[in-house]
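Please keep the sequence and the model at hand while reading.

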Amino acid sequence: MVATTEEQVEAVRALVASIPPGRVATYGDIASAAGLSSARTVGWIMRTDSADLPWHRVLGASGRPAPHLAHRQIAKLELEGVPIRDGRVDLAAARHRFDRSG
């Protein structure tokens, strides 16, 4: 297994920080934008280095938050006006598109 580099960690952190209020991204969206081969790497980075980031704006591909974070995450997203139905974020309406031109 290849170690995650500091550059990859910083790229993921910058992408998460760039998600505006009222929008969300999936782990896979972030992995793709950061040039990572796996959404799991983003998950690992988020678990170890995201306390100062808008972590609540990052979700799995299903649009559902992790069960242990669901109440807090949904509450934060609702305050930002993110559309949520039956405990799932409406990704079609709320997904952030990262600018890939830069």
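## Contact of helix 1 with helix 2

Ala-11, Val-12, Leu-15 and Val-16 of helix 1 meet Ile-30, Ala-33 and Ala-34 of helix 2, where contact means heavy atoms within 4.5 Å, and helices (H or I, at least four residues) are DSSP runs numbered from the N terminus, as are strands (E, at least two). The residues of this contact comprise seven nonpolar, no polar and no charged; here Ala, Val, Leu, Ile, Met, Phe, Trp, Tyr, Cys and Pro count as nonpolar, Asp, Glu, Lys and Arg as charged, and the others, Gly among them, as polar.

The axes of helix 1 (residues 6-18) and helix 2 (residues 27-34) come within 10 Å and cross at roughly 125 degrees, the axes being lines fitted to C-alpha atoms over the stretch in contact and the angles running from 0 to 180 degrees between N-to-C directions. Helix 1 and helix 2 are therefore oblique to each other, given that angles under 35 degrees count as roughly parallel, over 145 as roughly antiparallel, 65 to 115 as roughly perpendicular and the rest as oblique.

## Basis of the values

The model is predicted, so that local features need pLDDT of at least 70 and side-chain atom pairs count only at pLDDT 80 or more, whereas totals for chains, interfaces and linings use all residues. Residues are numbered from 1 along each chain as its sequence is written, and side-chain values use heavy atoms, with hydrogens and water left out.

## Contact of helix 2 with helix 3

Helix 2 and helix 3 pack at an angle of about 105 degrees, their axes lying 8 Å apart, which makes helix 2 roughly perpendicular to helix 3. On the side of helix 2, Tyr-27, Gly-28, Ile-30 and Ala-31 meet Ala-39, Val-42, Gly-43 and Met-46 of helix 3, and the residues of this contact divide into six nonpolar, two polar and no charged.

## Nonpolar cores

A nonpolar core is a set of buried Ala, Val, Leu, Ile, Met, Phe, Trp, Tyr and Cys residues joined through side-chain atoms within 4.5 Å, with buried meaning under 20% relative accessible area, exposed over 50% and partly exposed in between (1.4 Å probe, protein chains only). In the largest core, which has 16 residues, Val-12, Val-16, Ile-30 and Val-42 touch the most other members. Helix 1, helix 2 and helix 3 (39-48) are the elements that give two or more residues to this core, and the largest share, four residues, comes from helix 1.
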